[in-house]
Amino acid sequence: MTQTRDHGGGLDAAIATWGGARADWIDLSTGINPVPYPMPTLPASAWTALPDRDAMTTLIQRARAFWNVPAAAAVLAVPGASAAIAQLPRLQAPRRVAIPGPTYNEHGAAFRAAGWTLDDDARDALVAVHPNNPDGTMWDAQALAAPFTIIDESFCDVVPAASLIRLAARPGTVVLKSFGKFWGLAGVRLGFAIGDPAIIADLAEALGPWPVSGPALAIGAEALADPLWADETCDRLAADARRLDALLTGKGALVKGGTTLFRLYQVEDAAAAQAHLARHRIWSRTFPYADDWLRLGLPPPDRWSQVEAAF
């Protein structure tokens with residue numbers, strides 16, 4: 001039986017419990033940019049033809065340039081970072097892996113499914129979520145010395161100067177990048193695995209031919225060639241995060257951390273706070289391991305009044 005894992009989202013279940021139409025709700029339970037990259041006009045062939053080599057090559061070249069990927073590291077486009085997370089543990093003989101947490105729980109689930117033993121003191125493999133989800137903790141490069149190291153930078157594009165992409169050139173290292181979160185297009189299902197060429201080649205073999213759709217290749221290539229949008233987005237997200245912090249701390253919450261795509265607060269009773277917000281048609285994130293932690297993403301620009309009214 002597959003174990004149900006704790007995630008954000010689940011707006012349908014919230015609506016079933018609290019009522020209202022989907023249009024009434026704001027889903028702040030995820031860390032997805034509420035102002036997505038503007039969709040480019042796609043050629044008909046992106047939908048009708050198998051993804052071609054030239055489109056993939058263009059995307060990879062632009063990914064290398066955008067993230068300043070070391071020449072010695074390989075780059076693979078994947079159908080969402082979660083696809084790489086699920087497959088990477090299967091590419092090595094199972095041993096012991098350290099996944100310091102609390103953190104994004106798909107890493108632990110993937111390693112367990114592949115037969116690995118989770119051990120905080122393990123030296124065989126390490127997963128470092130950088131910045132960490134949900135508290136935003138950053139990793140020191142000197143702490144990432146395991147023979148097999150996965151650095152999950154799914155939320156690092158909001159702080160590009162903090163990226164550890166330079167480590168992708170080290171043997172045994174893979175850096176993961178998510179497209180859907182920062183660019184706000186989670187439904188495109190696009191991500192990147194960057195690192196040790198031998199591991200990346202094995203991951204490509206595991207995913208099979210044409211892992212990324214034609215539309216995703218075209219959209220990703222367009223977005224990664226637009227650094228001005230990325231810079232402006234970082235500035236807007238930082239301003240909105242400050243605005244949300246001011247609102248919550250003004251009502252007695254304490255900032256526990258997060259990134260500028262999601263904020264983590266300490267409140268007296270997270271379940272009660274979530275229920276209060278749900279009555280205002282705002283969905284938030286709570287955690288089974290911390291009954292006083294509440295996580296909120298950022299609202300779209302035209303929905304701030306709804307959030308402010310709820311407090």
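This is a predicted model: local features need pLDDT of at least 70, side-chain atom pairs count only at pLDDT 80 or more; totals for chains, interfaces and linings use all residues.
**Entry on the annotated region.** I looked up the UniProt record, an unreviewed entry, and found that it lists residues 123-298 as "domain: Aminotransferase class I/classII large".

**Entry on helices α3 and α7.** I reminded myself that two packed helices are described by the angle between their axes and the distance between the axes. For α3, residues 53-67, and α7, residues 214-224, I found that the axes come within 9 Å and cross at roughly 30 degrees. Because angles under 35 degrees count as roughly parallel, I wrote down α3 as roughly parallel to α7. The crossing of α3 past α7 is left-handed.

Which residues of α3 and α7 make the contact? From α3 I listed A55, M56, T58, L59, R62, A63, F66 and W67, and from α7 I listed L217, G220, A221, E222 and L224. When I sorted the residues of this contact by kind, nine were nonpolar, two polar and two charged.

**Entry on P227.** I located P227 in helix α8, which covers residues 227-249. Is P227 buried, partly exposed or exposed? Its relative accessibility is 45%, so P227 counts as partly exposed, given that this class lies between under 20% for buried and over 50% for exposed. I also compared P227 with Q87, which is 140 residues away along the chain, and found their C-alpha atoms separated by 30 Å.

Terms used
Residues are numbered from 1 along each chain as its sequence is written. Side-chain values use heavy atoms; hydrogens and water are left out. UniProt positions are given in the numbering used here, feature names are shortened, and annotations may be inferred rather than shown by experiment. Axes are lines fitted to C-alpha atoms, for helices over the stretch in contact, and angles run from 0 to 180 degrees between N-to-C directions. Helices (H or I, at least four residues) and strands (E, at least two) are DSSP runs, numbered from the N terminus. Angles under 35 degrees count as roughly parallel, over 145 as roughly antiparallel, 65 to 115 as roughly perpendicular and the rest as oblique. A crossing is left-handed if the near helix is turned anticlockwise from the far one by less than a right angle, and right-handed if clockwise. Contact means heavy atoms within 4.5 Å. Ala, Val, Leu, Ile, Met, Phe, Trp, Tyr, Cys and Pro count as nonpolar, Asp, Glu, Lys and Arg as charged, and the others, Gly among them, as polar. Buried means under 20% relative accessible area, exposed over 50%, partly exposed in between (1.4 Å probe, protein chains only).
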